[in-house]
Amino acid sequence: MAPFTYTAQAARVVFGAGSLQHLGREIELLGAHRALVLSTPEQTGSAERIATLLGERTAGIFAKAKMHVPIETAREARAEAQRLGADCAVAIGGGSTVGLGKAIALEAELAFPILAIPTTYAGSEMTSIYGLTEGGVKKTGRDLRVLPRTVIYDPELTLTLPLALTVTSALNAIAHAAEGLYAPDGNPVISLMAEEGIRAAAASLPRLAADPRDLEARGDAQYAAWLCGTVLGQVSMGLHHKLCHTLGGTFDLPHAEVHTVILPHALAYNAAQATEAMRRIRRALGSDTASAAASVFDLARAHDAPTSLRAIGMPYGGLDRAADLAVQNSYPNPRPLERSAIRELLQHAYDGTRPD
Ligand code: NAD
């Protein structure tokens with residue numbers, strides 16, 4: 001067994017169909033009295049439901065969360081939290097809404113706990129990573145103040161997640177686990193979570209394709225989101241996440257779709273230098289003959305997810321710039337960052353070529 005360091009991050013997880021009923025108890029355990037409820041405009045109805053459940057512990061609703069947390073939205077939410085005297089955030093939604101809660105917590109003068117109620121599989125609720133976009137540039141960082149203190153995973157709240165986003169969001173989760181398996185600061189516990197997360201996410205998809213309201217399968221997908229989000233929060237990510245961050249931020253491509261398209265190609269790039277990780281990914285996906293990269297590609301294609309950058313709006317002229325940005329600063333990755341090979345990777349991703 002190789003030496004390792006393992007730091008557990010303390011988040012309380014309440015899991016299960018119907019677990020939203022415990023919201024009042026959980027807010028009380030946090031010692032909070034005035035919650036600012038956060039959501040996107042599309043999920044205003046869910047935010048109103050949360051406000052009703054919280055009753056007099058609701059300070060107000062701020063339903064303007066947007067993807068990649070524009071600084072203007074963060075400032076408006078912070079001002080609203082202050083005006084209402086809020087002492088915590090309850091974020092119901094995907095990574096964009098949880099991200100807004102993080103933006104408030106980051107600047108708050110006093111501790112500002114976040115209670116997250118995730119409704120996608122992005123995994124932000126399990127990490128201390130925050131992101132803010134200013135002048136078209138997205139900056140990210142890690143700060144323990146933004147790690148949600150409590151997470152309520154209630155699969156019933158994901159029944160409305162459209163099937164297309166269900167598939168790409170599950171692949172987004174798989175991407176965290178896949179890179180966690182070759183992270184230089186990985187450890188055996190995180191690897192267990194990663195492999196199980198990939199298995200559970202992949203196994204949920206055929207069942208959800210057959211019936212998006214299959215509550216048991218929704219539960220399995222959220223269990224996967226929890227595991228994969230934990231991996232993302234605990235170990236370093238490599239080339240795949242760097243590329244997705246660049247493509248999403250610079251070319252404004254949709255988050256979960258970018259992850260879905262890039263992952264097979266990032267795995268192919270790293271395959272020879274991360275053979276044990278590839279073996280575990282293949283095992284988790286139940287692949288007999290195909291490589292890890294091809295198996296992920298096949299999983300996306302089998303569920304009608306996008307498999308090319310062209311299909312999700314990437315301008316062809318941006319590929320060179322994306323390759324330049326990917327090698328601009330160093331980060332851990334099993335295979336050294338080679339600009340020409342990354343440009344080739346992006347070409348394959350643009351064309352939607354199935355990797356070997
Ligand atoms: P999202 O939060 O932007 O949600 C996408 C859309 O789906 C929104 O309109 C949302 O309202 C809607 N939606 C969410 N759940 C729904 C449901 N159950 N039913 C119906 N509609 C629903 O998408 P996302 O992929 O969850 O998050 C992406 C953002 O999160 C990106 O900005 C990404 O960078 C960030 N992120 C951050 C971390 C982190 O650790 N900091 C991790 C993952 C993602």
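Arg280 counts as buried, at 16% relative accessibility, where buried means under 20% relative accessible area, exposed means over 50% and partly exposed lies in between, with a 1.4 Å probe and protein chains only. This is a predicted model, in which local features need pLDDT of at least 70 and side-chain atom pairs count only at pLDDT 80 or more, while totals for chains, interfaces and linings use all residues. Residues are numbered from 1 along each chain as its sequence is written, and side-chain values use heavy atoms, with hydrogens and water left out.

The side chain of Arg280 meets that of Glu195 in a salt bridge (2.6 Å, N to O), a term for a side-chain nitrogen of Lys or Arg within 4 Å of a carboxyl oxygen of Asp or Glu. Because Arg280 lies in helix α10 (residues 275–285) and Glu195 in helix α6 (residues 188–210), the pair ties together parts that are 85 residues apart in sequence; helices here are DSSP runs (H or I, at least four residues), numbered from the N terminus. Glu195, at 11% relative accessibility, also counts as buried.

Helix α6 also holds Glu196 and Arg199, three residues apart, about one turn of the helix, and their side chains meet in a salt bridge (2.9 Å, N to O). Glu196 is partly exposed at 24% relative accessibility, and Arg199 is partly exposed at 38%.

Another salt bridge joins the side chains of Arg339 and Asp320 (3.6 Å, N to O). This pair links distant parts of the chain, with Arg339 in helix α13 (residues 339–351) and Asp320 in helix α12 (residues 319–326), 19 residues apart. Through salt bridges that share partners, Asp320, Asp324, Arg339 and Arg343 form one network.

Definitions and conventions:
Helices (H or I, at least four residues) and strands (E, at least two) are DSSP runs, numbered from the N terminus.
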